[in-house]
Amino acid sequence: MQDHLYTIPVTEIFEQTGGCPICRLRDTLEKRVCDYTLGPAMMEPDVRQNTNRMGFCAVHLEQLRQGKNRLGLGLLLDTHLKELRKNLASGGLMDSPKKAAYKAARAEQSCFVCDRVEQGMRQLLSAMLKSYDTEPDFRQMFKAQQALCLPDYRLLLEQAAQQLPKKRQAEFLKDCRALVLKVLDPLCAD
C-alpha cells in the first residue's frame, strides 16, 4: 500500500482492530487538538481570537482540564469569559429577548475543539475514501475491522455518496453494512 502524507494517520488507525475505526480516528484527533490548543497554539493570535470567540463545549472543556497545562487553560478561559461577557452585555436595552437568546445560544453551542475536529475529520475521511477507492490493501484493512458504529456508518455513507465513484459505492456500502452488522447481529442474538 502506498502511503502519502495525508493517508498516514488513517492507515495507522486502520492497522489496529477493535471497536469502530472512525471513533478511534475521532478520539485521536480530539486528543491532538486538545494538546495543540494548550500547547504552542495557545499564544498564536488567530487561535486565541477563535478560542475567545468560540469557547469550549462541556466535553472538551473537561478534556482540556484533564490536560497538563492548567495555567494555559486558565488563561484561555479568562480571555474567553471576558469576551463572552462583552458579547452578552452588548446591545443593552436595544436587544429584544429573542436576539439576546440567540446570542446566548450561539455562545453555548460553539466549541473551538469541536470545530477543529470536524474540519480534521472531513479531511481524514476524504483521505480514507480516496485510499479505499485506489488501494486494494486498504480495502482489505477496512474489511478486517471488527465494528462500525451506527453514527459513523451514516457519516461514511453520506461522504461516500459525494466522493466515491459510482462503481465503488456499491462495494463500499456492502463493506460498511457488513461491519455494522458485526455489531448488531450479536446484540440481536442476545
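**Helix packing and aromatic pairs**

Me: At what angle do helix H1 and helix H2 pack?
Reply: Happy to start there: helix H1 (residues 8–15) and helix H2 (residues 21–38) have their axes 9 Å apart. This is a predicted model, in which local features need pLDDT of at least 70 and side-chain atom pairs count only at pLDDT 80 or more. Residues are numbered from 1 along each chain, and side-chain values use heavy atoms. Axes are lines fitted to C-alpha atoms, with angles from 0 to 180 degrees between N-to-C directions, and the packing angle is about 125°.

Me: Is H1 perpendicular or oblique to H2?
Reply: Angles under 35 degrees count as roughly parallel, over 145 as roughly antiparallel, 65 to 115 as roughly perpendicular and the rest as oblique. With an angle of about 125°, H1 is therefore oblique.

Me: How are the rings of Tyr-132 and Phe-142 arranged?
Reply: Rings of Phe, Tyr and Trp (its six-membered ring) pair if their centres lie within 6.5 Å, with planes under 30 degrees apart stacked, over 60 edge-to-face and the rest tilted. Here the centres are 5.5 Å apart and the planes at 75°, so the pair is edge-to-face.

Me: Which arrangement do the rings of Phe-142 and Phe-172 have?
Reply: Phe-142 lies in helix H8 and Phe-172 in helix H10 (residues 166–189), 30 residues apart. Their ring centres are 5.4 Å apart with planes at 35°, so this pair is tilted.

Me: Is Phe-172 buried or exposed?
Reply: Buried means under 20% relative accessible area, exposed over 50%, partly exposed in between (1.4 Å probe, protein chains only). Phe-172 has a relative accessible area of 0%, so this residue is buried.

Conventions: Helix = DSSP H or I, 4+ residues; strand = E, 2+ residues; numbered from the N terminus.
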